[in-house]
Amino acid sequence: MKIRSLLSLFLALFLLLGLTEPALAADTAATMQLSKTEGTVSVTNASARELSILENMRLYNGYTVETAAASYAWINLDSTKLVKLDASTKVEIRKSGKKLEVQLKSGNIYADVSKPLDSDESLNVRTSTAIVGVRGTKFQVKHSTRKFENNSALPAFQASTQVTVIE
């Protein structure tokens with residue numbers, strides 16, 4: 001009877017651990033973190049709940065980071081990928097396994113990918129008008145949206161993306 005109870009307990013623990021691991025892995029970022037901030041910076045989670053900023057705060061899939069005027073934020077995507085958010089910038093961080101995406105909603109980012117990505121890795125910067133695929137370089141992406149008076153000859157909004165490769 002004792003052996004049967006122990007066996008049942010081990011089986012239950014094994015099933016519990018087996019079910020929780022995929023759920024944790026799907027939303028966990030191994031090393032993405034908000035490494036430094038200056039001025040007013042806000043972070044919201046995937047459920048749009050604003051979070052208190054901590055030193056070297058971990059960032060997870062779906063988190064949004066936003067800087068106010070005269071404010072900056074540095075995000076380490078891992079030990080060889082750094083993204084700096086300039087003033088008045090908003091980004092959403094997405095990660096699935098070794099696939100990283102920075103969705104630039106508005107503003108300017110500077111990125112330094114100091115070591116070329118492995119063949120199974122990817123890093124994309126996405127805006128409403130462009131997707132930039134990166135393998136290893138230093139670059140800047142600026143994204144802006146202009147609103148026009150509602151005129152039949154022009155769309156109500158015009159978005160533009162500028163990509164500059166620095167190195």
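E121 is buried, with a relative accessible area of 17%; buried here means under 20% relative accessible area, exposed means over 50%, and partly exposed lies in between (1.4 Å probe, protein chains only). Before we follow this residue further, a word on what you are looking at. This is a predicted model, in which local features need pLDDT of at least 70 and side-chain atom pairs count only at pLDDT 80 or more, while totals for chains, interfaces and linings use all residues. Residues are numbered from 1 along each chain as its sequence is written, and side-chain values use heavy atoms, with hydrogens and water left out.

Let us start with the overall layout. The protein chain has one helix and 13 strands, where helices (H or I, at least four residues) and strands (E, at least two) are DSSP runs numbered from the N terminus. The chain has 167 residues, and 32% of them count as buried. Among contacts (heavy atoms within 4.5 Å) with a separation of 6 or more, 46% are between residues 24 or more positions apart.

Now to the charges. Side chains of opposite charge can pair when their charged atoms come close. The structure holds ten salt bridges, each one a side-chain nitrogen of Lys or Arg within 4 Å of a carboxyl oxygen of Asp or Glu.

What does E121 pair with? E121 forms a salt bridge with K81, and their closest N and O atoms are 3.4 Å apart. This pair links distant parts of the chain: K81 sits in strand 7 (residues 81-85), E121 in the loop between strand 9 (99-113) and strand 10 (122-126), and 40 residues separate them. K81 counts as buried because its relative accessibility is 3%. K81 also meets the side chain of D78 in a salt bridge, at 2.6 Å from N to O, and D78 is buried as well.

Next, look at K98 and D120. Their salt bridge has its closest N and O atoms 3.2 Å apart. K98 lies in the loop between strand 8 (90-96) and strand 9, and D120 in the loop between strand 9 and strand 10, so the pair ties together parts that are 22 residues apart in sequence. Are these two residues buried or partly exposed? K98 counts as partly exposed, at 46% relative accessibility, and D120 is partly exposed too, with a relative accessible area of 45%.

Finally, there is a salt-bridge network to trace: it links E92, R94, E101, K105 and R126.
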